[in-house]
Amino acid sequence: MIITRLATRDRRIHRVLIRPEPQPVRLFPHRWLRKGVREGWIKYFKIDGCPAIEFLSHPRVVYKLVRQPGTWCAHCGLVIPRHLAPEHVARQHPNQPSPDPEAPYGFKVEHRWLAVRVR
């Protein structure tokens, strides 16, 4: 997905052009989302109590943010502080191999928002 920001002469972003067709599932960096909201080409709101973003573009593109950046246990899905993740895995899931091949230590650290396209 390529996003082109369209600005006025005074350099204010008034809309964005998205091409090709946006993917149904995306990972968005937190800084990038904050920058888009600050510059005005991303609108932040809630859908059924979950955070969502809308790109001020044509056609309208809306993503529901389903998972925030953080550390998760690969076994039980519990959100845990990063420094306690190895201890949690050792105590709660002893001698169990990780169910996620991308998280061989039993926990996963994600620095981006997981988003699902709604519209």
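**The salt bridges**

Mentor: Side chains of opposite charge can pair when their charged atoms come close. Keep in mind that this is a predicted model, where local features need pLDDT of at least 70, side-chain atom pairs count only at pLDDT 80 or more, and totals for chains, interfaces and linings use all residues. Residues are numbered from 1 along each chain as its sequence is written, and side-chain values use heavy atoms, leaving out hydrogens and water.

Start with Lys43 and Glu54, whose closest N and O atoms sit 3.5 Å apart. Lys43 belongs to strand β4 (residues 42-47) and Glu54 to strand β5 (residues 50-55), so this pair ties together parts that are 11 residues apart in sequence. Strands here are DSSP runs of E, at least two residues long, numbered from the N terminus.

Glu54 also pairs with Arg60, with 2.9 Å between the closest N and O atoms. That gives a network of salt bridges linking Lys43, Glu54 and Arg60. Glu54 is buried at 10% relative accessible area, while Lys43 is partly exposed at 40% and Arg60 is partly exposed at 39%. (Buried means under 20% relative accessible area, exposed over 50%, and partly exposed in between, using a 1.4 Å probe and protein chains only.)

Another of the bridges joins Arg112 to Glu110, their closest N and O atoms being 3.2 Å apart. Here Arg112 is partly exposed at 35% relative accessibility, and Glu110 is buried at 10%.

How values were computed
Salt bridge = Lys/Arg side-chain N within 4 Å of Asp/Glu carboxyl O. Helix = DSSP H or I, 4+ residues; strand = E, 2+ residues; numbered from the N terminus.
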